[in-house]
Each structure stands twice: as structure tokens, then as C-alpha cells.
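Please read them with the structure open.

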Amino acid sequence: MIDIKELEHLAPMANEMLSGLHADETMKRRILFAANENKRRAPMPRLVPALLRGAGDCLCERLCPAPERHGGRCGRNAHACFD
Amino acid sequence: MKRLESSVKAPDRQAQFEELYAQYADDVLRMAYFYLADKQKAEDVCQDVFVKLYTRGEAIAPGCEKAWLLRVTVNCCRDLWRSAWLKRVVLGAPTLDIIPAQEETFEQREEKAELMRAIHKLPRQFRETILLHYYQGLGIAEIAQMLGLPEGTISSRLSRARKTGKPFEGGSNR
């Protein structure tokens with residue numbers, strides 16, 4: 001059984017026993033660096049993949065202009081270009 | 001205490017970060033160490049918590065900054081504790097080493113460390129309740145809100161942890 005009187009003094013005792021453990025300036029710099037890295041690596045907007053797919057479609061249409069065969073949607077049915 | 005709002009400008013956010021880091025970083029680090037008994041992992045948790053604070057999207061209610069930091073700390077520790085389950089089972093649970101600043105005799109240190117080790121060996125849910133209540137000084141209502149549990153459950157956990165602290169030594173520790 002854990003003595004409740006001992007538990008009442010847990011905070012000062014644990015702080016004393018762990019007083020060698022410090023969050024120092026080095027850690028703060030590391031956190032700030034990581035936080036800025038996280039911000040810089042912001043998730044890619046949804047628009048970008050859509051634009052890339054659109055550009056792919058255009059390129060495919062120019063390379064193999066056969067709209068009557070597969071509706072000109074080579075980006076979505078790329079295999080059709082090589083039939 | 002300054003208000004923490006999500007709409008604050010970057011320099012203000014930096015200032016708030018500095019202020020909260022100076023005030024609570026040691027608490028977060030020691031709490032994580034007490035929970036995990038691993039200095040490296042505790043430092044990782046502390047880093048994650050403050051990165052989340054710095055890059056958070058939501059506002060933190062004024063006066064609730066410490067509770068917010070401790071909630072994120074407990075969640076990060078839980079994730080690490082769960083992910084290290086297999087390692088604990090194979091290699092055994094880590095032992096909590098004390099890290100005092102000043103020199104003390106071995107006997108003095110061991111006497112004080114006994115209670116801390118007994119708490120560390122409690123099952124996870126009892127350990128985190130004891131740490132939040134007796135180490136971080138949070139009230140039962142605050143802990144209940146933080147962990148999303150009824151107050152009765154927290155009281156019951158505290159009572160059971162106190163009563164059954166010793167038998168858990170060498171127990172499952174999951």
C-alpha cells in the first residue's frame with residue numbers, strides 16, 4: 001500500500017530527485033528549429049495535384065491526338081494512348 | 001498570464017512560447033521522465049509537446065495552459081508507452097533512475113526513490129492519475145476533464161492506486 005502521507009509530499013520530493021533534469025536552451029533551440037521546419041513543410045495544397053494532372057492530360061493529348069478513340073482524356077486513361 | 005489566442009501574430013506567439021517554456025518545460029520533461037523512465041524519450045516528448053504548442057491551430061483558454069501542456073504530454077507518453085510494448089515484454093520494463101542535482105548518499109537517495117519507483121510500476125492508467133494529481137497538483141475535476149473520464153473514475157483510480165500500490169510491483173506494468 002502506498003502511504004497517502006508520502007504521496008502528499010510527492011511533488012517536492014520528485015522535483016528534488018529529478019532536479020538534475022532540465023529543459024535547457026539547447027532543447028529550446030531544437031524545438032524552435034523543429035517547429036519552423038514543420039511550418040516550412042506545410043501540406044501540399046489540393047490544387048497542386050489537380051494542376052499536375054491537368055498538365056499531364058494536355059501533354060498526353062498533344063503527343064497522341066486521337067480524341068475520337070478515348071474522349072481525349074489520356075491523363076485518366078493513359079494506357080489508351082498506347083493501344 | 002497572457003491570453004493564448006490562435007489569431008496572435010508570430011512575434012506574440014514566440015513570446016508566449018518563451019514564457020510557457022520558461023514556466024513549464026521542466027514540469028513537462030520531468031512528468032514525461034517519471035512516466036516513461038527514459039531520459040531520451042522524455043526529451044523527445046518535451047520537444048513534441050512544445051512544437052505542438054508553437055504550431056497549434058486552436059486557441060488555449062486563458063489559465064488552462066498548464067493543463068493543455070500536461071494533456072498533450074500524457075497523450076505523447078501514452079503513444080510511446082504503447083509502441084514500446086513488445087520491447088517491454090521482451091527486455092522488461094525500464095527502471096526509474098533518479099537524477100538529483102546535488103550529491104546525496106546512496107541510502108538517502110534510495111529511500112526517496114522507493115516511492116517514485118513504486119508509482120512508476122503502477123499500471124499506466126493508475127500511474128498517470130497519480131502523477132497528475134499528486135505530482136502536478138491537478139484537481140480531480142481537472143483530471144477528469146483532461147482525460148475525458150467521469151470524476152468518479154478518477155477518484156476510484158486514485159483510491160485503488162493507493163491501496164494496491166505495492167502488489168503492482170513486479171506486476172504487468174502495461
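1. Basis. This is a predicted model, in which local features need pLDDT of at least 70 and side-chain atom pairs count only at pLDDT 80 or more, while totals for chains, interfaces and linings use all residues. Residues are numbered from 1 along each chain as its sequence is written, chains are lettered from A and ligands numbered from 1 in the order in which they are written, and side-chain values use heavy atoms, with hydrogens and water left out.

2. Chain B overall. Chain B has 8 helices and 0 strands; helices (H or I, at least four residues) and strands (E, at least two) are DSSP runs, numbered from the N terminus. The order of elements from the N terminus is α-α-α-α-α-α-α-α. Of its 174 residues, 46% count as buried. Buried means under 20% relative accessible area, exposed over 50%, and partly exposed in between (1.4 Å probe, protein chains only). Among contacts in chain B with a separation of 6 or more, 64% are between residues 24 or more positions apart; contact means heavy atoms within 4.5 Å.

3. Extent of the interface. On the chain B side 40 residues are in contact with 30 residues of chain A. The size of an interface is often given as the accessible area lost when the parts come together. Here the area buried between the two chains is about 3500 Å², with carbon and sulfur atoms giving 69% of that area. Buried area is the accessible area (1.4 Å probe) that two parts lose on being put together, summed over both.

4. Make-up of the interface. The rule finds 10 residue pairs in polar contact across the interface of chain B and chain A, both residues at pLDDT 80 or more. A polar contact is a pair of N or O atoms within 3.5 Å; within protein, one must be able to donate a hydrogen and the other to accept it, and residues adjacent in sequence count only if both atoms are side-chain atoms. On the side of chain B that touches chain A, the elements giving two or more residues are H1 (10–36), H2 (39–55), H5 (106–120), H6 (124–135) and H8. H1(B) gives the largest share, 10 residues. By class this side has 23 nonpolar, 5 polar and 12 charged residues. Ala, Val, Leu, Ile, Met, Phe, Trp, Tyr, Cys and Pro count as nonpolar, Asp, Glu, Lys and Arg as charged, and the others, Gly among them, as polar.

5. The salt bridge between chains. Which side chains meet in a salt bridge at 2.6 Å, N to O? They are those of Glu18(B) and Lys28(A), and the rule finds 1 salt bridge across this interface. A salt bridge is a side-chain nitrogen of Lys or Arg within 4 Å of a carboxyl oxygen of Asp or Glu. The count over all chains is 5. Glu18(B) lies in helix H1 of chain B and Lys28(A) in helix H3 (residues 25–40) of chain A, so the pair joins two chains. Glu18(B) is partly exposed at 28% relative accessibility, whereas Lys28(A) is buried at 11%. Glu25(A), Lys28(A) and Glu18(B) are linked in a network of salt bridges.

6. Salt bridges within chain B. Asp79(B) pairs with Arg82(B) in a salt bridge, the closest N and O atoms being 4.0 Å apart. These residues are 3 residues apart in helix H3 (residues 65–83) of chain B, about one helical turn. Arg82(B) is partly exposed, at 49%. Arg124(B) and Glu128(B) form another salt bridge, at 3.6 Å between the closest N and O atoms. Both lie in helix H6 of chain B, 4 residues apart. Arg124(B) is buried at 17%, and Glu128(B) is buried at 0%.

7. Arg157(B). Please check this residue, in helix H8 (residues 151–163) of chain B. Arg157(B) is buried yet has no salt bridge, and the nearest side chain of opposite charge, Glu128(B), is 4.5 Å away. Lys and Arg count as positive and Asp and Glu as negative; His and the chain ends are not counted. Not counting residues up to four places away in sequence, Arg157(B) touches Gln125(B), Phe126(B), Thr129(B), Leu147(B) and Leu149(B).

8. Val28(B). This residue of helix H1 of chain B is buried, at 1% relative accessibility. Leaving aside neighbours within four places in sequence, its contacts are Cys46(B), Val49(B), Phe50(B), Leu69(B) and Thr73(B).
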